[in-house]
Amino acid sequence: MTIREQLEAREHDILSPWATFADESAGREQEMQPCPYRTCFQRDRDRILHSKAFRRLSNKTQVFISPEGDHYRARLTHTLEVAQIARTIARALGLNEDLTEAIALGHDLGHTPFGHAGESALNEVCPQGFRHNEQSLRLVDLLEGLNLTREVRGGIVCHTGSRKAATPEGRIIHFADRIAYINHDIDDAVRGGIIRESDIPAHLRTRLGASHGTRIDTLVTAMIDYGLRYCEIGMDRAVHDDMMELRQFMFEHVYRSPEVRREETRTRTMLQSLYRYFAEHPDEMPDDYFVLMTKGEPLERVVCDYIASMTDRYSIAVFRRLFIPNSWSKTD
């Protein structure tokens, strides 16, 4: 037996019956010779980690645009926190940790610069609309050609919205994403002086916890307890309602706060200006994107691909080059 086959056999010995097994994967769009020492889900994880899009996440905003300080989350640190939470849940429930990790690491690959402000800006101008989960799938399929398994692809595109992933591991990411961003955004908002911990409603602090770590532990424990009881992904209604109330608190006091909205307006202006410019000058996009149009991809979609791929700093640099006059001096 190869090392991969031994790993696949071990999954059947140690994972729960309702787990997703690597040797029962629905496969890939394009057949590949199996790796001799990695399962298909381990291979997907590695392909995501080595992608260009994954590297760019380190310079993409989570919520706070261009924050001063070293400890605010970026899209990459959010992704790693989602992966940690999701793996903890998967391990406790006897589910496939490799599949869970691959989906978690890939779920936000298609996110724009400047977080959801950038997503909203592109959604307003792109005729086909723009949703980051669908862009993540487009990125792994078309833009980087990672040829991932159907289980990983399904988990990526279903991590947000009303669609449910076909695998329990994919459904974990839907919850782990919310657990991560609600709690780390509280942490960042407190650090930024937008709210105080004491502003969180007292009944939520009592029931979910009065600290970052306690709240995460409460929500993760609720998911593990639910999964052990019902062999399904979820949490009891009361805990879920508390989590969603805390999420609504964040929308009202952080995500829609004057401090955040002020920067979102500037972001919208900048990204939509870039969109209109490259829609009129597609030949100025890098060859990797320009060539997509020769393969039948619509211009508007390719322009979105290019802008969504940008990091915060790169988009600012391109905007400055295109729209801000260069400094100059004249000597006598």
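Me: Before we start, what counts as a contact here?
Reply: Contact means heavy atoms within 4.5 Å. This is a predicted model, where local features need pLDDT of at least 70 and side-chain atom pairs count only at pLDDT 80 or more, while totals for chains, interfaces and linings use all residues. Residues are numbered from 1 along each chain as its sequence is written, and side-chain values use heavy atoms, with hydrogens and water left out.

Me: Thanks! What share of the contacts with a separation of 6 or more comes from residues 24 or more positions apart?
Reply: In the protein chain, that share is 71%.

Me: And how many helices and strands are there?
Reply: The protein chain has 16 helices and zero strands. Both are DSSP runs numbered from the N terminus: helices are H or I with at least four residues, strands are E with at least two.

Me: How much of the chain is buried?
Reply: Of its 332 residues, 54% count as buried. Buried means under 20% relative accessible area, exposed means over 50%, and partly exposed is in between (1.4 Å probe, protein chains only).

Me: Switching to side chains, how many aromatic pairs turn up?
Reply: Searching the whole structure gives seven aromatic pairs. In one of them, the ring centres of Tyr-226 and Tyr-230 are 4.7 Å apart with the planes at 55°, so that pair is tilted. For the cut-offs, rings of Phe, Tyr and Trp (its six-membered ring) pair if their centres lie within 6.5 Å; planes under 30 degrees apart count as stacked, over 60 as edge-to-face and the rest as tilted.

Me: Where do Tyr-226 and Tyr-230 lie?
Reply: Both are in helix α11 (residues 212-230), four residues apart, which is about one turn of the helix. Tyr-230 is partly exposed, at a relative accessible area of 48%.

Me: What about Tyr-277 and Phe-323, how are their rings arranged?
Reply: Their centres are 5.9 Å apart and their planes are at 80°, so this pair is edge-to-face. The pair links distant parts of the chain, 46 residues apart: Tyr-277 is in helix α13 (residues 258-280) and Phe-323 in helix α16 (residues 312-323).

Me: Is Tyr-277 buried or exposed?
Reply: Tyr-277 counts as buried, at 18% relative accessibility. Phe-323 counts as partly exposed, at 36%.

Me: Which residues form the aromatic cluster?
Reply: Tyr-277 and Phe-323 belong to one aromatic cluster together with Phe-278, Tyr-289, Tyr-306 and Phe-319.
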